[in-house]
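Thanks, everyone. I'll keep this short. Please look at the structure on the screen.

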Amino acid sequence: MKFILNTKVVNVEAHPLARLLDVLREQCELAGTKEGCGEGECGACTVLIDGEPVCSCLVPFGQVEDAEVSTIEGLLGQHPLQQLFMDEVGAQCGICTPGMIMTAITLDAQASDEAIRTTLAGNLCRCTGYSAIYRAIEKWQANR
Amino acid sequence: MPVVGTSVARKDGIGKATGAAQYADDLVFPGMLYGRTIRSTIPAGRIRSIQLDFDPEGFTIVDVGDIPGRNVVALIEDDQPFLVEREVRHLAEPILLLAHADREKLLTAQVRVEYEESPPILDPEVSTRVFKAIDIIKGDVAAALQGAEVVLEGVYRTGHQEHVYIECNGVVAVPEAGGVTIHGSMQCPFYVVKAVKSLLGPQIGLRVVQTETGGGFGGKEEYPSMLAGHAALLALKSGRPVKMIYDRLEDMVATTKRHPSVVRHRTGLTRAGRLVAMEVDVLLDGGAYVTLSPVVLSRGCIHAAGPYRCDHIAIRGRAVFTNTPPNGAFRGFGAPQTQFAIEVHMDRIAEALELDPVELRRLNALAPGDRTATGQVLREDSSAHQVLEEAVRRTDFVRKRQGLRGTNRGIGLALFYHGAGFTGSGERTLRSRARLDVTPTGVRIAVGSTEIGQGTRTMHAQIVADTLGIPYYAVEVAQPDTSVVVDSGPTVASRTCMVVGKILEECALELKGRLNGQSPAAWYARHGSVSIERTYEPPSWIQWDEEHYRGDAYATYGWGCDVVELKVDPLTFEVKLLKVSAVQEFGRPIHPALARGQVEGGTVQGLGYALLEQVVMKNGGMANGQLTNYTIPTTLDTPPLDIVMLENPYPGGPFGAKGVGELPMDGPGPAVVNALRSIGYDVRAIPAMPELLATLDPARQQP
């Protein structure tokens, strides 16, 4: 089945009902997308499908045919938020971080504090209490 | 340039933000199988028969008969088996292990277990099996209570709390020449060595490697030993690598939680509000096996009188058996439960005596020179009054509290402290070690302390760099691999900076003498490698009588005062947190950004404990074992946090540092409940769910 993975057209054989999360991690060998709960509550497995953040544990692989899927690996370590998450300690244990960053990059430059909180509400972090994540995002916003 | 006290770039690198960091589930080995645990479905009884209702072709099946060594998870008492032999003591207890290359086949395999059920003991208050009892006696509490002008009693309860590290427990066991290697998510690789060596027997070699760990909070202190043992048994029997990763439901239902507690206070006071007698009874629900309950109880009891001075104290504690999965380590380790009780009790006392809660605490808070419940004389590094005054000042507490009267908004505070390091003579017995190796480019730290998000690697490297006077980048940190690093004791008890950091400081000092002015790299080029290893020696003045619970319970304490501002929806009884201030003193922060992260993260875990996180137990098991119905704070539940880190150096810690990891967990529970009390909700239990608040509606309590 064909889809666009991190800007490249790929053809991957997998059961259409397989979880997108598993296809990405196993067939595509992109293990940066993490599993936290397997039921769409924690957001650790967030990827972008056609630019929208979704929980890849809830998406049957067949649904992404011809769609554009972006994972943390697609940022190539070059998105400013990635370094900022480390510098501001927005990542502690790091397991929520790829998903958190994938959601955060969809924020627009003018997003209010309220909009930031609402956008990130589907991504759980148990380590930071979120404050350091806001600090990373604020620094990014200030320099966009 | 010195790096201690600055927020230098972390040793983690960028891997956590690029997805490159390798967690247990990211590891793939050729020929790897997946493992699964068949668990009991009853809380108490005996196994009558086990029947496999699947075609065993391609499966590896392990039962108790396959255990080469001892079937006990060696920890404190040797009572918990890796696999049930006959008697089932709790729901979700491991009975049988399966492995298969195909995950679908593995998950659909049916095993039928028949039981002879017996009535379970589920209520700790009726349990008569005591795992551990503790008595702390200071003065003559009975006489002091009789002489008291005012006596106030109260009963306070806390529920289970689930860790919800976002990475579930997981390991991969890989058979290697002469034995097996465990790669896994864990806090204490040498605990795993101890337990799994005993399971496999002396003939089988064992190496344990900590992978990047997606959160622990105590939940990966003791449990990974069980899981590692299971994976090792499957790997040895199949001769292939076996990966076992729990899904969220299994992780929540089967692994440890914070001990539920019932704490009773009977307190004597003068009319002016001076504490004259404190009688405290602490009950912890230990679950079905001893595991860590004795030491959780110990820390809970020592902190049960709160940060207050009183000449007559009697604290009686018990941890008891119930037919529920064993409760275990969780950030705070008994102290959040007992300090919840005393801090809510203090606000009830203030109410009864018509005193301001701040004034009551000012009158009674411990100061340097005062004696704690165990008789420890506090030193200069004690800051109860400082954290209290700063918290009250910056929140304008007294005026704000007055102003909010009669509204649905409230403000409350909690004063608390937390002993750093192992209790009593624990650090002396542990004899933790640390090692520094000189390398071609600088030095390498070789300790068993794990990085679980809190910043172990970074903070240790800062201590070593400044002590040696070398650049921070010249210090590397070895991955905890038990064949490479030394046993630095477990990564628990707020001890990784204060204790292991201290040993590293001593190693660095000794090495500095050896280098005689040369850089490590220059020394290496001329002489080759050298290693310095040291063992921890606690301060010589620490005296502890384990039998009578007298003496210096901890080398030092961190101190905190939290202030919570909130409002209650009068129709739905939902609580909206408006602002939380946390003023905390833990010596000197080595890396301020990481230290702040500990305070922020711990505070929010405490807020979840106070308001949201309710483990619903049915027939001895967690009935809401999903993140859908066990909720932790999201961004929308988390208020703005105002964090203040006061400094008061501890002379026995590296660069004056104390421990910080657990302290922030102690305050939010009581501060939230005291804020609710200020509105009129007489809450004496957490979590304070809307359903509970509805029954306490002050609008309906009015005559």
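One definition before the details: buried means under 20% relative accessible area, exposed means over 50%, and partly exposed is in between. Now apply that to B:R70. Its relative accessible area is 41%, so B:R70 is partly exposed. The value for B:D78 is also 41%, so B:D78 is partly exposed too. These two side chains meet in a salt bridge, at 2.7 Å from N to O. Keep in mind that this is a predicted model.

Let me stay with charges. Side chains of opposite charge can pair when their charged atoms come close. Over all chains, the count comes to 53 salt bridges.

Take B:E162 and B:K257. Their side chains form a salt bridge, 2.9 Å from N to O. B:E162 sits in the loop between β8 and β9 of chain B, and B:K257 in the loop between α6 and β13 of chain B, so the pair ties together parts that are 95 residues apart in sequence. Are these two buried or exposed? B:E162 is buried, and so is B:K257.

Next, B:R431 and B:E537. Here the closest N and O atoms of the salt bridge are 4.0 Å apart. The cut-off is 4 Å. B:R431 is in the loop between α12 and β17 of chain B, and B:E537 is in the loop between β20 and β21 of chain B, so this pair ties together parts 106 residues apart in sequence. B:R431 is partly exposed, with a relative accessible area of 46%. Salt bridges with shared partners join B:R10, B:D12, B:K16, B:E212, B:E451 and B:R457.

Now the interface. Chain B gives 51 residues to the contact and chain A gives 42. Between them they bury about 3,700 Å², with 54% of it on carbon and sulfur atoms. Which residues of chain B lose the most area to chain A? They are B:A17, B:I166 and B:T635, together 19% of what that side buries.

Six salt bridges run between the two chains. One of them pairs B:R103 with A:E26, with the closest N and O atoms 2.8 Å apart. There are also 27 residue pairs in polar contact between chain B and chain A, both residues at pLDDT 80 or more. On the chain B side, the elements that give two or more residues are α1 and α16. The largest share, nine residues, comes from α16(B). By class, that side has 21 nonpolar, 18 polar and twelve charged residues.

On to the interior. In soluble globular proteins, nonpolar side chains tend to be buried together. The largest nonpolar core here has 96 residues. Those with the most contacts inside it include B:V282, B:I315, B:V672 and B:Y681. Helix α8 of chain B, residues 335-353, gives the largest share of this core, eight residues.

What does B:V672 touch, beyond residues up to four places away in sequence? The list is B:V564, B:L566, B:L577, B:L607, B:A610 and B:L611. A second, separate core has 84 residues, among them B:L97, B:I166, B:L206 and B:V208.

Last stop, B:V392. This residue is in helix α10 of chain B. Its relative accessible area is 9%, so B:V392 is buried. Leaving aside neighbours within four places in sequence, B:V392 is in contact with B:V358, B:R362, B:F397, B:V398 and B:L413. B:V392 and B:V563 are 171 residues apart in sequence, yet 8.0 Å apart in space, C-alpha to C-alpha.

Note on methods
Residues are numbered from 1 along each chain as its sequence is written. Chains are lettered from A and ligands numbered from 1 in the order in which they are written. This is a predicted model: local features need pLDDT of at least 70, side-chain atom pairs count only at pLDDT 80 or more; totals for chains, interfaces and linings use all residues. Side-chain values use heavy atoms; hydrogens and water are left out. Contact means heavy atoms within 4.5 Å. Buried area is the accessible area (1.4 Å probe) that two parts lose on being put together, summed over both. A polar contact is a pair of N or O atoms within 3.5 Å; within protein, one must be able to donate a hydrogen and the other to accept it, and residues adjacent in sequence count only if both atoms are side-chain atoms. Helices (H or I, at least four residues) and strands (E, at least two) are DSSP runs, numbered from the N terminus. Ala, Val, Leu, Ile, Met, Phe, Trp, Tyr, Cys and Pro count as nonpolar, Asp, Glu, Lys and Arg as charged, and the others, Gly among them, as polar. A nonpolar core is a set of buried Ala, Val, Leu, Ile, Met, Phe, Trp, Tyr and Cys residues joined through side-chain atoms within 4.5 Å. Buried means under 20% relative accessible area, exposed over 50%, partly exposed in between (1.4 Å probe, protein chains only).
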